[in-house]
Amino acid sequence: MQRTLTKLFTMAVAGLLVLSLAGPAAAKTLKVGFLLKTMQEERYQRDKAAFIKKAEDMGAKVYFDSANNDEQTQLMKFENLLAKGCQVIVLQPVNTGTAGAMVKAANDEGVKVIGYDSLLVNGPLDYMVMQDSWAVGKLQGEAMVEWLKAKKGKVEGNVALIMGQPGDSNAAAMSSGALEIIEQNPGLKLVAKQSHEGWSPDKAMATAENVLTKYQNNIDAFICNNSGMARGVISALDAQGLADVNKVFVAGSDADLVNIQYVAQGKQAVEIWKKINPLAETAAEMAVKVAKGEEIKADKNINNGFVDVPTVVTPVVPVTKDNIDSTIIAEGFYTKAQVYGQ
C-alpha cells in the first residue's frame with residue numbers, strides 16, 4: 001500500500017513538473033506573421049524592428065518576410081506564413097486590388113488578416129492599421145500653396161504629381177489629397193500625373209527629366225508619393241541646377257534620412273513624416289490581441305468596396321527646415337548628427 005501511494009505521488013509530481021516545463025513553451029506558441037510588400041525603402045527596416053520587438057514583448061513569435069514589390073512572390077510568402085501556423089497575419093499588399101484573395105484563403109483556414117499601411121480594396125479584410133494617406137497628400141498640397149504664396153505672392157504655377165505603384169490604394173489616396181488642393185486653386189496647372197511601377201526612384205527621375213524637358217524647366221512644384229521618388233526628382237533637378245527650395249518645390253513622404261537631410265540643406269521643401277513606431281507597434285499589439293481573441297477598439301470603419309473594415313489610424317507630421325529640430329530630432333527618430341552631419 002505504502003509503495004502504491006509513493007508511486008502515485010511520484011507520478012503526480014512528475015506530471016506537475018511536465019506541466020510547469022510545458023507552460024512557458026506553450027506561451028510562446030502564439031504565432032504572428034508580418035509580410036511587407038518590400039524592403040526597398042529605408043523606413044521598412046524601422047517597421048520590421050518596431051513590430052517584432054512589440055510582438056515579442058507581448059509573448060508572440062514573429063515570422064517576418066517581404067515581397068520585393070512582386071505580387072506572385074508575396075502570394076508565395078503569404079502561403080508560407082499560413083503553412084507555419086500563424087494565427088494572424090499582418091499584410092502590406094503589393095497589389096491592393098487583388099490581395100483580397102489571400103485574405104479569403106487565410107480566413108478559410110481560420111486565420112485573421114490585419115491590413116498594414118496600404119488598404120486592400122474590393123476584398124475581405126478583418127482589420128486595418130494605417131496612416132491617413134489622403135491627409136498626407138493634402139498636407140503636401142497645403143505646403144505647396146504656402147510656398148507659392150511666399151515665393152510668388154500668389155498661388156499659380158505648373159505642378160507635377162509623381163505617383164507610386166499603379167492601382168495601389170495608398171498611392172491613390174495620397175494623390176487624391178494633393179489633387180483636391182490643386183483643384184481648389186485655379187491658378188495651378190497639373191502638367192503631369194504619372195504612376196511608377198515599384199515606386200521606382202529611377203523611373204520617377206526619368207519622369208521628372210521628361211517633364212523638365214517638355215516645359216523647358218518651367219515647373220514650380222513636384223509632389224511625390226514617397227521619399228524614394230522625391231530623391232529621383234531631386235536628382236533630375238540637380239542636373240539642371242534646380243535642386244533648391246528657392247527655385248522648385250518638392251514634397252516627399254516617409255522621412256527617409258536622405259530626404260530629411262535634403263530638407264535641412266534646402267533641396268526639398270517638405271517631407272511628410274508618417275510616424276513608423278506608432279504604426280508598427282499598434283499593428284503588433286492588434287495582431288497579438290486578435291490572436292488571443294481580445295477586442296480591438298477601432299478609430300473608425302472604412303469601406304474598401306467590399307466590407308466595412310475596423311481601422312486604427314496613426315499620426316502624420318509635415319517636416320520642414322523650420323521644424324526638423326522640434327519634430328524628427330526631438331522625438332529621437334534621427335539625431336542632429338545624422339541630419340546635419342555634425
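Analyst: A helix is a DSSP run of H or I with at least four residues, a strand is a run of E with at least two, and both are numbered from the N terminus. This is a predicted model in which local features need pLDDT of at least 70 and side-chain atom pairs count only at pLDDT 80 or more, while totals for chains, interfaces and linings use all residues. Residues are numbered from 1 along each chain as its sequence is written, and side-chain values use heavy atoms, with hydrogens and water left out.

User: What makes residues 276-291 a helix, and what follows α10?

Analyst: The run called α10 has 16 residues, and a helix needs at least four, so α10 qualifies. After α10 comes Gly293, with a positive phi near 80°. The chain has 12 helices and 13 strands.

User: Which residues of α10 are called buried, and why?

Analyst: They are Ile276, Leu279, Ala280, Ala283, Ala284, Met286, Ala287, Val288 and Val290. Of the 342 residues of the chain, 51% count as buried.

User: What makes one space a cavity and another a pocket?

Analyst: On a 1 Å grid over the protein atoms alone, a cavity is a set of points where a 1.4 Å probe fits but cannot get out, whereas a pocket is an open set with protein on both sides within 12 Å along at least five of seven lines. One cavity of 30 Å³ or more is counted. The largest cavity holds about 70 Å³, and α2 (43-57) and α6 (169-184) each give two or more residues to its lining. The largest pocket holds about 390 Å³. Trp147, Ala269, Thr320, Lys321 and Asp322 are the closest to its centre among 18 lining residues, which have an atom within 4 Å of a point.

User: Which helix gives the largest share of the lining of the largest pocket?

Analyst: Helix α5 (residues 133-152) does, with six residues.

Technical notes:
The expected span of a helix is 1.5 Å times one less than its number of residues. Buried means under 20% relative accessible area, exposed over 50%, partly exposed in between (1.4 Å probe, protein chains only). Grid points are joined across faces, edges and corners, and a volume is the space filled by probe spheres set on the points.
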